Amino acid sequence: MRGLYVHVPFCLGKCLYCDFYSLPHEEALEEAFLSALRREIVLKGGLWGGPAHTLYFGGGTPSILRPHALQTIISLLQSYFPLPSGAEVTLEVNPATFGSLDFGLLRDIGINRISIGLQSSSPRHLAMLGRRHNMTEFDRTVALAKEAGITNFSVDALYGLPEQDVSDYLETLACIVQSGAVHISSYALQVEPSTPLAEMVKTGALIVPADDIVAEMMHVGKAYLESQGFVHYEISNFARLGFAGQHNMLYWHNREYLGFGPAAASYIGKRRFSGVPDLQSYIGLLATGRLVAHSCEAPSLATEMAETVMLGLRLLDAGVSRPAFEERFSRDVLDVYAEPVATLVKQGLLSVHSEALLLTPRAFPLASQVQMAFLP
């Protein structure tokens with residue numbers, strides 16, 4: 001099984017916390033990008049063509065692209081990487097772009113899921129983060145999507161924001177639940193070193209909540225969403241029954257994925273590589289018919305096994321499947337990791353079942369520390 005990811009590098013403007021590769025949208029650059037993207041699809045199709053299972057448009061802000069451009073990309077991808085009928089096709093949507101979107105056309109060209117970047121329902125926090133939308137635009141985005149029959153939609157929320165308290169976060173979650181979202185991605189804010197937000201925190205211009213407050217937000221948010229019928233199926237993700245994100249499930253099961261666009265990562269043919277993180281270089285290289293990886297590595301067997309465990313532990317109900325691990329590596333995961341498993345079980349952070357290894361509820365806030373125990 002493998003997924004397809006398309007990185008659209010354009011944004012309305014850079015958010016203060018974002019360290020993904022993106023740049024301001026320009027019409028001329030868009031055309032050059034789309035031309036290069038088509039060449040990349042053809043080249044990679046010749047090397048790795050074959051069935052795919054999901055398609056995800058991320059960024060950046062892929063909802064900046066016109067529907068006919070998205071249609072061309074989807075059709076070309078389908079010709080090399082055929083998707084089964086009803087496969088999950090997701091488009092990330094910034095609410096500020098709702099006025100230029102034709103959701104009926106998006107539905108008709110195969111997009112059956114959208115992921116809306118709300119982050120917060122507070123105008124103060126949206127401004128603080130450098131977001132370009134407001135709640136009216138979010139509500140309108142949701143209404144138009146529903147009118148077009150796209151009811152499978154996810155909404156992103158952030159907690160641990162500067163000057164945010166538990167009640168602020170719960171208000172955001174309540175707004176999302178009331179919108180009818182069937183999936184919620186809720187992330188603790190990461191202050192990335194290279195971002196303007198990091199500088200503001202460093203100088204004291206903004207103050208992030210203490211760790212215990214952030215942990216309280218996580219626990220209280222989890223309890224609230226579960227009381228509303230959402231299943232906490234992954235560390236940062238909640239879903240109504242049957243609406244877990246299928247594309248990201250491939251990542252968490254450490255399956256193959258193929259990325260397109262500048263800076264897009266791939267894991268295929270036992271190799272991990274990423275595209276050039278610069279749009280002009282990306283365009284120039286593909287104009288010459290070349291695929292050039294910015295970075296490339298072939299993970300060792302030990303690394304592949306460790307990654308499979310570390311990613312699998314993010315799945316709170318499924319965990320690391322012992323039968324799937326043995327089928328993939330011809331070894332029992334308990335034999336490979338006898339020592340760290342025994343230590344983590346003793347600490348009350350891991351539970352061992354006949355079919356899976358699972359984080360205990362106590363381990364949820366400490367997931368990254370637990371995962372580190374499996375590094376080779």
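Predicted model: local features only at pLDDT ≥ 70, side-chain atom pairs only at ≥ 80, totals over all residues.
Helix α12 spans residues 322-329, and three of its residues, Arg-322, Phe-325 and Phe-329, are buried. Viewed down the axis of α12, the buried residues lie within an arc of 60 degrees, so they line one face of the helix. The elements covering these buried residues include two helices, α11 (301-312) and α13 (333-336). Strands β15 (320-321), β16 (350-352) and β17 (356-359) also belong to this cover. At the start of α12, the backbone nitrogen of Ala-324 has a side-chain oxygen of Ser-321 within 3.1 Å. After the helix comes Ser-330, with a positive phi near 60 degrees.

In soluble globular proteins, nonpolar side chains tend to be buried together. The largest nonpolar core of the model holds 91 residues, of which Leu-359 and Phe-374 touch the most other members. Beyond its neighbours within four places in sequence, Leu-359 contacts Ile-235, Leu-313, Leu-316, Leu-349, Leu-350, Phe-364, Ala-367 and Val-370.

The model contains zero disulfides, where a disulfide requires two cysteine sulfur atoms within 2.5 Å. For Cys-15, the closest cysteine sulfur is that of Cys-18, at 6.3 Å, which is too far for a bond. Cys-15 has a relative accessibility of 11% and therefore counts as buried, the limit being under 20%.

Note on methods:
Residues numbered from 1 in each chain as written. Heavy atoms only, no water. Buried < 20%, exposed > 50% of the residue type's maximum accessible area, 1.4 Å probe, protein only. Helix = DSSP H or I, 4+ residues; strand = E, 2+ residues; numbered from the N terminus. Arc of directions from axis to C-beta. Contact = heavy atoms within 4.5 Å. Polar contact = N/O pair within 3.5 Å; in protein donor to acceptor, adjacent residues only side chain to side chain. Core = buried A, V, L, I, M, F, W, Y, C linked by side-chain atoms within 4.5 Å.
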